[in-house]
Structure formats: structure tokens, C-alpha cells
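Please examine the sequence and the model shown below. The report that follows describes selected features in turn.

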Amino acid sequence: MKIVCLDGYTLNPGDNPWAPVEKLGEFTVYDRTAADDILARAKGAKVLLTNKTPLSAETLGKLPDLGFVSVLATGYNVVDVAAAGKRGIPVSNVPVYGTDSVAQYVFALLLELCHNVGLHSRLVREGEGSKSVDFCFWRTPLVELSGKTIGIVGFGRIGRRVGEVARAFGMNVLAFDAIRGKAPSYPVRWADLPGLFREADVVSLHCPLSDANQGMVNAALIASMKPTAFLINTARGPLVHEADLAAALNSGRIAGAAVDVVSREPIDRANPLLSAKNCVITPHIAWATLDARKRLMQTTVENVAAFLAGKPINVVN
């Protein structure tokens with residue numbers, strides 16, 4: 001049976017072997033696949049693995065041998081799941097693998113905003129420490145998290161883990177989610193979205209992207225935030241109206257932002273956040289620890305094996 005991975009580099013850049021998948025069939029992996037090459041590479045495959053290579057309804061319709069798609073991520077919007085379902089092709093994702101890694105990364109971003117560790121390290125290396133008449137100096141405000149309030153938009157697995165870590169820092173937790181679910185083991189107050197943005201010292205986004213919430217973090221919502229507040233986005237770039245955020249940062253309307261995701265990836269050189277003040281931008285790596293990628297690989301193997309056994313799991317359509 002032919003198994004093809006269309007874009008395997010991010011999952012395995014050399015440290016996360018494909019050996020478990022290779023045991024399941026005739027396996028071919030491509031680091032990346034351009035749109036014009038999808039059909040040629042996918043032809044004859046019974047199973048396709050994809051991370052960000054899109055599988056449209058038109059493409060699926062030209063792959064008569066295809067029986068199963070396994071997405072190498074939690075988000076599966078790269079596949080037209082409705083079209084796949086009409087053709088009897090189950091699509092599976094990896095629902096849980098990066099919870100701890102993403103939560104940890106949120107605080108890496110937040111602590112950078114609080115202390116500007118990178119800036120101060122660079123200043124010392126450039127000789128500013130030697131020139132200083134004082135044994136300590138700082139060029140930006142230094143912020144303590146204890147007693148501050150974090151507002152978490154999207155209170156699923158990752159959002160709840162972020163809240164748990166925030167409590168360890170002594171923070172108060174506000175949450176917004178359409179589905180509240182079971183109460184966590186730590187104190188949390190629920191708020192509506194405008195109330196959360198008004199009250200929080202830190203807003204962290206963890207909700208999935210939908211037509212309803214695209215660009216929801218706009219000028220009006222940002223204007224309601226405290227001038228000392230930080231915004232963090234490790235969810236999806238299009239949740240934020242980037243021009244509005246850049247304008248707020250450049251005018252000092254809010255104190256800072258840190259984003260691991262942007263509206264178009266790889267980031268466009270014209271993205272207004274690239275020139276915005278007090279904005280940390282990283283290249284969508286919150287999920288990418290080796291531990292998380294190993295879990296992703298293991299679940300992918302389980303997804304393919306379950307399909308071969310006639311009992312698909314983690315099916316999203």
C-alpha cells in the first residue's frame with residue numbers, strides 16, 4: 001500500500017525518524033510540495049499525510065485511489081473535509097500533542113515582554129554593562145506577574161494549561177469561551193470578551209479560527225485594554241487585525257505584544273507588525289519542541305494503523 005507524505009520537513013527535520021510509518025507500507029516523504037506537484041506526487045497513494053499542503057475538493061476529485069488523509073497537526077483547514085467525506089475518505093488529525101509546549105512558550109513570550117532579556121543581554125555584550133556607573137541598569141520597564149490578571153480567550157486544553165501556569169506565577173485568571181466545560185482545579189472567573197479585554201493585564205489567545213472570529217482583535221477591542229497590557233497570540237494569526245495592533249503599539253495604546261502566528265505564513269515583508277514598537281514576533285514554533293513532535297509522530301502512526309485495520313480514529317469528518 002502506498003503512503004505519501006507531502007510536506008514532512010517540519011515534523012522531521014532530521015531528529016524525528018519516519019521509521020514507524022515506513023513499517024506500515026510503501027512510504028515516500030517529501031520535505032515540501034508545491035501546488036503544481038501535488039497531483040503527481042499523490043497519484044496512486046492510498047494514504048496521504050499533509051501538514052500545510054492544501055488538499056482541495058478539486059484535488060481530491062483527481063485522486064481515485066485515495067482512501068485516507070492524516071493531517072500532521074491539530075488544525076485541519078488545509079483539507080476540504082466536506083469534499084473528502086462525500087468521497088468516503090476519512091480525514092484524521094492529531095488532537096493532542098503540544099499542550100505543554102505551547103503553554104510553556106506563552107510564558108517564554110510573556111517573560112520576554114516583562115524583562116526584555118534578549119535586549120539586556122545584547123546591551124551587556126555590546127559593552128553597556130562595562131560603561132555603566134551602576135552595577136545594574138535597565139532600558140525598559142521591568143514587570144512582575146504576581147497579582148496581575150491574565151485573560152485567556154479560548155479555554156480548551158491549552159488555555160487551561162496556560163491558566164495553571166499563570167496561577168503558579170501568582171496571577172489571577174479570567175477566561176472566555178463559548179463552551180465552559182468542567183471547572184479547572186484552580187480559581188478562574190468567567191468574563192465576556194469585552195470585559196476580559198478591559199480587565200486583563202495580559203490577554204492570551206487560544207481559540208480556533210472561524211469565519212465568526214476572524215479579525216476579532218481589532219481597534220475597538222484593543223482600545224478597551226489597559227495601556228500597560230500585553231497581547232499574546234499563539235493561536236492563529238487572522239484572529240488579530242494586524243494593522244490595528246501595529247497602530248496601537250506605535251501609539252503606545254498598549255504596552256506590548258508577542259505573536260508566534262501571523263495572518264500570512266511565512267510572514268510577508270509588508271506585515272505592519274514587523275515595524276511595530278514593542279512587538280516580539282517568532283516563526284510559528286510554539287508547537288515544535290522535539291517532545292511534541294514525537295507525540296505528533298506517534299499519533300500519526302496510530303491514525304494510519306487504525307485506518308488500515310478498518311477502524312479510523314481521530315476522524316474530523
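By class, how many nonpolar, polar and charged residues does the lining of the largest cavity have? The lining has six nonpolar, two polar and one charged residues, where Ala, Val, Leu, Ile, Met, Phe, Trp, Tyr, Cys and Pro count as nonpolar, Asp, Glu, Lys and Arg as charged, and the others, Gly among them, as polar.

This is a predicted model, in which local features need pLDDT of at least 70 and side-chain atom pairs count only at pLDDT 80 or more, while totals for chains, interfaces and linings use all residues. Residues are numbered from 1 along each chain as its sequence is written, and side-chain values use heavy atoms, without hydrogens and water.

The structure holds one cavity of 30 Å³ or more. Among the residues that line the largest cavity are Asn233, Glu242 and Leu273. On a 1 Å grid over the protein atoms alone, a cavity is a set of points where a 1.4 Å probe fits but cannot get out; a pocket is an open set with protein on both sides within 12 Å along at least five of seven lines, and lining residues have an atom within 4 Å of a point. A volume is the space filled by probe spheres set on the points, which are joined across faces, edges and corners.

| Space | Volume | Lining by class |
|---|---|---|
| Largest cavity | about 30 Å³ | six nonpolar, two polar, one charged |
| Second largest pocket | about 370 Å³ | nine nonpolar, five polar, two charged |

Of the 16 residues lining the second largest pocket, Leu113, Pro141, Val143, Phe230 and Ala255 are the closest to its centre.

**Helix H5**

Helices (H or I, at least four residues) and strands (E, at least two) are DSSP runs, numbered from the N terminus. The 17 residues of helix H5 (residues 99-115) should span 24 Å at 1.5 Å a residue, and the end C-alpha atoms are 25 Å apart, which agrees; the expected span is 1.5 Å times one less than the number of residues. Leu113 is one of the buried residues of H5, buried meaning under 20% relative accessible area with a 1.4 Å probe and protein chains only. The partners against which the buried residues of H5 pack include strands E9 (202-205) and E10 (230-233), contact meaning heavy atoms within 4.5 Å.

**The sheet**

Seven strands form an open sheet in the order E8-E7-E6-E9-E10-E11-E12, with parallel pairing. Strand E8 (189-190) and E12 are the edge strands, each pairing on one side only; two strands pair if DSSP finds at least two bridges between them. E9 and E10 pair over four bridges, and Val203 stands opposite Leu231 in E10.

Note on methods
Buried < 20%, exposed > 50% of the residue type's maximum accessible area, 1.4 Å probe, protein only.
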